[in-house]
Structures are given as structure tokens and as C-alpha cells.
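Here is a short tour of some backbone features worth a look. Please have the sequence and the model open as you read.

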Amino acid sequence: MTAIFDYGVAFSRNIGWVTEAEQQALSTKRVAIAGMGGVGGFHLLTLARLGIQHFHIADLDTFEVANFNRQAGATMSSLDQHKAEVLARMARDINPECDIKIFPRGVNSDNLAEFMAGVDLYVDGLDFFAFRAREDMFRYCAEKRIPATTVAPLGMSAALLNFLPGQMSFEAYFQLEGKSELEKAIRFLVGLAPALLHRHYLADKTRVDLKARKGPSTIMACQLCAGVAASEALKILLGRGTVWAAPHGIQFDGYRNRSAHTWRPGGNRHPINRLAIALAKRQLGL
């Protein structure tokens, strides 16, 4: 027998936490996700299981063995295959009716408008060090009043920041413009998780090298991020529940079983963040 897909049956177990009308509303929403690596692939698959059916996804990379510890689509059978193509197949295996537009060369200034056309929400899945693309993306979202969320995998934690129309912008919070790539990395890291819940249990500090654009990662953090991002997406797309916008930030750490809600007026201009940035720069000899 050939199995027949039925949207109502496939996502019926969501009903109760959402109403039937809300589930129908989710089925009409369009979400853009740039980056199908560490967190992006899990974002796509989690949102697909939530019943969202329309996506724009972008990545320019292929899977390699070094991705196996954390990336949703990384398997022996997907080696050397394009990440966005693999994840699109996986999402369509969940929901064959998914409308997924793939941007196989990633996102850049030439295709940004097309990537964001008709989008209700942007979910950040870019590599930590992809500062130019991230700055362009969040600037575009602010200009076009498109809500955007980023949930960073740090250690074994998820660090959430929402950037909503009319609220504090990504650039106003992080203050990256005009800075060197290394200082951008420092400012981004400090701004993502001002509470630094993850800093206490790093087992081998030599594995963190911002100058070489390298750092360790865990599957736990990536999967935590997907759950947090999908919860924020549900609230933003349905217009219910509390959505904290920057300069508010939330971090949950699974290793320490702790959470922190931070408020940094001025973002990285805040005295606590400025001190953390200065200390990090001193440690790196800047």
C-alpha cells in the first residue's frame, strides 16, 4: 500500500497546544532560514513538524565528516551532498506538501530581496563567523519590518535574541559596524549570552580560537536551539504569548540546569558588556 499524506492527521497531536484555527494559520506562514548547518537544519525540521509548510532556505556548503557531531543532515549517505538539498528532502519526507525554495549559493546582496520575498519570519542559522551575511540579513529585516530571531548554540546551551519591528535593531544591539572580524566575533559572543552560563565547564580552552574562526560545538546545544526557536516562531506567527525583544536576552544551559534572563539597555554599549568585551580583547592581545 502507498501511504497517503494528510495534513490534518499528521499534525493533529499539535492540537491542544494550538487550536485547529491556529494550526491552519501556521500552515500558511512562510519562514526563511539562512544556513542549514549546525542549527539551521534542526530549525527547518522542527518547524516542519510544527506544521509550517512554506520555507526559503539557503546554504552554499556540502556535508563532510566533521559535521557529524551536530548537524541534522550529516550522515554517511549525505557526504559531499549539498546541505540545503539534503534538508529539503528530509523536510518533504515529513510533509510532502512542503513548499521549499532553495538558494544553493547562500544569501548575498544580489539575492537577499528574493530570499526574503513574502516571508513572515526570519530564523538565523548562519555560521557564527558569517558576519557580513548576518549584518545584511538583519538590516534588511529591520528595514522591511520582518521579525527575526537568533538562537545561538553555546556550549550545551541556547541563547535567544529576538529582533522585532520597531524595536532595537541587530546593529544597535551588537555594534559591529566598522569593526575588525576578530572584534566582531568578540562582540557577537558577548552580546549573544551576556550571562555567560556556558563559560564554567569548557574542558579544553585550546579548542576555542576566534582568530582562526574555530570553536567546539555540541548536538545538545543545536537541538535546544531548535526547540527555543520554534517556540518563539509559534508565538510570533500566531501573535500570542510573551516575546522578549532585544535588549532582552534569554539563555538556558542544559549542563548547569540554569537559565538567565538578561536586559542590556544599549546592547554592547552597556557597561557590563563593554567590560566583558575589553577583557576578551585584552586576553587576545588586541
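In which loop is P247 found? P247 sits in the loop between α9 (219–238) and β7 (248–253); helices (H or I, at least four residues) and strands (E, at least two) are DSSP runs, numbered from the N terminus. The peptide bond leading from A246 to P247 is cis, and its omega is near 20 degrees.

## How to read the model

This is a predicted model, in which local features need pLDDT of at least 70 and side-chain atom pairs count only at pLDDT 80 or more, while totals for chains, interfaces and linings use all residues. Residues are numbered from 1 along each chain as its sequence is written, and side-chain values use heavy atoms, with hydrogens and water left out.

Let us turn to Q175, in the loop between α7 (170–174) and α8 (181–192). Its phi is positive, near 60 degrees, though the residue is not glycine. Q175 counts as buried because its relative accessibility is 14%; buried means under 20% relative accessible area, exposed over 50%, and partly exposed in between (1.4 Å probe, protein chains only).

L196 belongs to the loop between α8 and α9. L196 is not a glycine either, yet has a positive phi of about 50 degrees. With a relative accessible area of 25%, L196 is partly exposed.

## After the helix α10

G285 lies in the segment that follows α10 (271–283). At 65% relative accessibility, G285 counts as exposed. Between G285 and V39 there are 246 residues in sequence and 31 Å in space, taken C-alpha to C-alpha.
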